[in-house]
Each structure stands twice: as C-alpha cells, then as structure tokens.
Amino acid sequence: MTKTEKIKNAIKFILSLTGLIVILCLDDWTKPTPLSDTIHRGNSLEPSSLDPHFSYSLNEANIQRDIFEGLTAEAANGEIIPGVAKTWKTSSDGLTWTFNLRENAKWSNGAPVTAHDFVNGFRRAIDPKIKSPYGFLLKNIKNGDKILRGQEKNISTFGIQAIDDYTLEIVLERYTPYFPDLLAHHIAYPFPQKTYDDYQDAWTKPENIVCNGPYKLTQWIPHEHIKLVRNEYYWNQDSVKTPNIFYYPTENRSSELWDFFANKLDTTESIPENQIEWIQDNLKDSLRNTTYPGIVYYGFNMTIEPFKSNLKLRQALALAIDRNFITEKIIKLNAIPAYSWVPKGIGNYKPQDAFFASMTQNEREAYAKKLFAEAGFSSADHLKLEILFNENDLAKKTSIKISEMWRNVLGVNTVLRHETWKEYLNRIEKKEFQILRISGVAILPTAKDFLERFITDSSGINNLAGYSNSEFDRLMNAGIKADSLYDQNLFFSQAEKIFLHDLPAIPLYHPTTRHLVSPKIQGWVDNFIDVHPSRYLKIISQKK
C-alpha cells in the first residue's frame, strides 16, 4: 500500500469515527437523563429543635413530617390519610376512638412501632413539666385539660391506652370533628422512649435518633444543611419517590432565590418580595401562589398601657392602616386585606368582619382621628410607639409604611425594632414589647384554632398579646364543648365579633403561599394547608 493510500484510509477512518461520535451524541441528546436521587429544599430558618414536643415553627414541621409519622398523615394534596393506623372506628357518641396499627410499621432501627409508643408520646406531650408549646392540642382527650393545668397529677388518667401492641384507644372529653387532622400534627407522633432514656436531650442528634417516617435523619450541620435518607424500614416504601432529601436554612430570601436560579435548590420556602416582578417575568413556570389559612397581624401588649385600658386608641390605630395599599403595593401576589380574624375557606365557617370593613379608607381615617381624640390624644401630642419584628425584609417594609400611615393620619411617631429570631422570641416570652408584628397559621383547619389562642391564660405559644375578656372566654369554651359543628361555629362567630371589637391585635392581611418549585419536580400539589411531604416528590426525566 502506497503512502498516499495509507493517508486516504486514515482520513476515511477518522471521518467514519467522527460520524459515529456524532451519531452517538445525537442519540444521547434524545435520551432522558437518569432520574436524580436527591432533592434540595430551601427551608427558611435554622431549626431550633427536631423534638416533636419542643418544636413550634413550620420549617421544623416540614422536616418532622418526613422523618416521623402519626396515626394519620397528609397526602400530597393535604388531605388526611391513614398513617401508622391502618383503620379506626368511633363509638356512637363520637368520644371513643379505637385505632388498629400496622404490624409492619417500624422504627429506623428495625424495632416495631407499637401502641405503647403513642401512649408514651401523648403522655410526654401533655405533661405540664415538659411545657410543650403545642401540648394544648391534646386537651380534648379525657383529663388532658386538668393535667395541663396541674389539677390532675396522675398522668396515667390521661385518656389514652394500649389495648395491646397494635390496638390503641383514645377517649375524648368532647366532640372533636377535626380529630384525625390533629393526629397528623407532630405533637401526636409516637415517641421512642428507650432512645430518649439512652440519650436524653441528645436523642434527636443524627447519630442517636430513630425515626418511623419515610426518611431518617443522617446529618445535621447547623446553618448549612440537614440530610435525610430513605428509611429502609418504613412500611410504605412505594410512596417514597426520592431517596435523599437535603434541607437548607434559607432565612435570606434573596440568597435562596439565587440558589434556586443557579439550580442549587429545587424548591424554596418563600421568595424575596422585592423580586416579585422579576420572578413573574423570568420564573413564571416555577412560581406557586395559592390561598393559605393564615393571618399577619400586629399584636398589642395588653398587659401595659397605653393599650391595656384604651380601646379607642387600639381602634384608631387599626382604622388608620390602608390594607389595600399594603397588599397591592408591598405584599402583592394575591394577598387579601384582613378585616376578619379567621380567613375564608376554613370548613363551612363564615368569618366575621370588623366594624370598619365596609367603610372607605377616607371614612376609616376620619373615624380614626375622632377615636384618637376621644382616646385622649391629639396629633400635637406626638405619641411614641414601638413595633417589634424579626429580621425580615417584608416585615420591615410593611412596618415602615404603617408607621408613615400612623404619622400622617394621627401624628404618631413610631420606632421600629428588628431583632434576630432568637432575640425576637425572647422579647415575646418576656412581654418586652409594645406592638408585635407576627403571623398566625392554622395548626388545624378550624375557626377554633384561630380564636382559641386568645382565651385568658391559654397555654402553649398562645395569647402573646395577654388579652382577657370573660365573655370571649365564655363563648369560646361553649363552642369548644358544643356537640355539633353548627353550634361550635355559632359560638365561635360570636366570639370573633367580640375579639374584632376589642382589637387586642390588628388584622393586617391574609397571606398566600409563595414558593418556587423547579419544573423538574413532579408530585408537588398546591393545597390549602401548604404541606408538601418529600416522599411524593421526584425529579422527572428531562431532555438535554
């Protein structure tokens, strides 16, 4: 073979090889990429605790929902479904509930989850020495209220018992139509008593914890991430779509947005309000915005003057706020001006409006000036008030604007105090504030949940304003004890009217959910209670 022929053959080989590479590349281009085995989720604040009896925030509940499971659980659409309990039945009077537990439900160490684990958990939650922030949710169980108040010292009288390892009986004090919803809350999770006995307060560390949910905790690097992996002992393996979940503390919403845009996060807990227009223009397919059972409000410190005994001052301050401006210009994304305390959409309850709901804003401001004068103040007095809020861009913008409204309408001077989350909570606990900016979210989908927290001396994380009205208390307690949903709602609506007259807190707006969810994520279902268990989420196949 001549040198020329060798060169020609070499060229042919190279060309044929190049063609093969092109064909292979084109073929690979049309193939879906392998499914990802990991989902990365933004989760707002760094958790303060993952102990179900000590945690209180939504970001902690997001994680706990993945690593624990109660008698009931939430489906992808937020509906209540069987959890550890495969079936249950109630007595004819609706007070005795009997649960049949799954014999294949196990802890992450392989030990069976039994009825005794639920008895241990419920008793710990109701124990007044524990001071669980959500222990009050269990007070409808027989003797629960008495135990919480210290009137009953024998905790074994609490109305929950294990009939055998896989049969649990719970006896209620009163009609509780939302009981299955309550049982999905983290306060009602089973408790691994032996693990706690071995490690005490360190039982929730990754190296110690046992879980009974779809995932187990394997890593927690504070202020960096929490890693969950599939719990190989979980009874419903087929429901777990993705084996690894990372949660990231994303208090800085701008950083969270950037991480999402850079594909470092697959979901966000929120969005920065100053980037709403940009998000709508550039990430429209990722934006999730739905109604939500919550309220954002200003709570007065009702234990001190000038708010304790000056109703007209509280009413004047409420009237002077232009809620439409706040929701349309600052909050945006379909937030609803709040004139009721209970938002719409809570079962068949009809929310009650404040007395100024039907007024125009000009009429409200004129009436605010009249009430302010009758309260003993004038615009020349330069009343000075302080608003406390945590480090949050939206809270700051809202407070700045409301302080302008109070100054323009009433001549009130306002000091804005923003604190770290830890210091913010510390000041709330010690009642070291005049006006508190805070949000309330339905723990359970009931009007009771929004109103009960303001009963005098209510327990847990409630009644931050220190409100007390005997007639409000009477109506709420009558509603709680009523044996029909109709009667309950009747009493609760009367109580809401009193609350909105007294205004120990100013309703500002009912928020909406605002997440970013990658189009690659399948299984995220928008729902009214805004729960999105990780086990239903997966990365769908994508074309390159």
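K194 and D198 lie four residues apart in helix α6 (residues 193-199) and are therefore separated by about one helical turn; helices (H or I, at least four residues) and strands (E, at least two) are DSSP runs, numbered from the N terminus. The side chains of K194 and D198 meet in a salt bridge, with an N to O distance of 3.0 Å; a salt bridge is a side-chain nitrogen of Lys or Arg within 4 Å of a carboxyl oxygen of Asp or Glu. K194 is exposed, at 61% relative accessible area, whereas D198 is partly exposed, at 47%. Here buried denotes under 20% relative accessible area, exposed over 50%, and partly exposed in between (1.4 Å probe, protein chains only).

The model is predicted, and local features need pLDDT of at least 70, side-chain atom pairs count only at pLDDT 80 or more, and totals for chains, interfaces and linings use all residues. Residues are numbered from 1 along each chain as its sequence is written, and side-chain values use heavy atoms, with hydrogens and water left out.

In the chain, 23 salt bridges were counted. E273 and R253 form one with an N to O distance of 2.9 Å. This pair links distant parts of the chain, 20 residues apart, with E273 in the loop between α7 and α8 (276-282) and R253 in helix α7. E273 is buried, at 4% relative accessibility, while R253 is partly exposed, at 24%. D145 and R149 form a further salt bridge, their closest N and O atoms being 3.3 Å apart. A network of salt bridges links E386, R417, E419, E423, R427 and E432.

Helix α7 (residues 253-261) also contains F261. Together with W258 and W278, F261 makes a nonpolar surface patch of about 340 Å². Patches are made of residues with over 30% relative accessible area and no salt bridge, like charges being joined within 9 Å and nonpolar side chains (Val, Leu, Ile, Met, Phe, Trp, Tyr) within 5 Å. Accessible areas come from the Shrake-Rupley method with a 1.4 Å probe; for residues, only the protein chains shown count as cover.

An open sheet of four strands has the order β1-β10-β9-β8, with mixed pairing; two strands pair if DSSP finds at least two bridges between them. β1 (38-42) and β8 (215-221) stand at the edges with a single partner strand each, so one side of each lacks a neighbour in the sheet. Strands β9 (residues 225-230) and β10 (residues 244-248) pair in the antiparallel sense over four bridges, and Y247 in β10 is the bridge partner of I226.

Overall, the chain comprises 16 helices and 20 strands, and buried residues make up 53% of its 544 residues.
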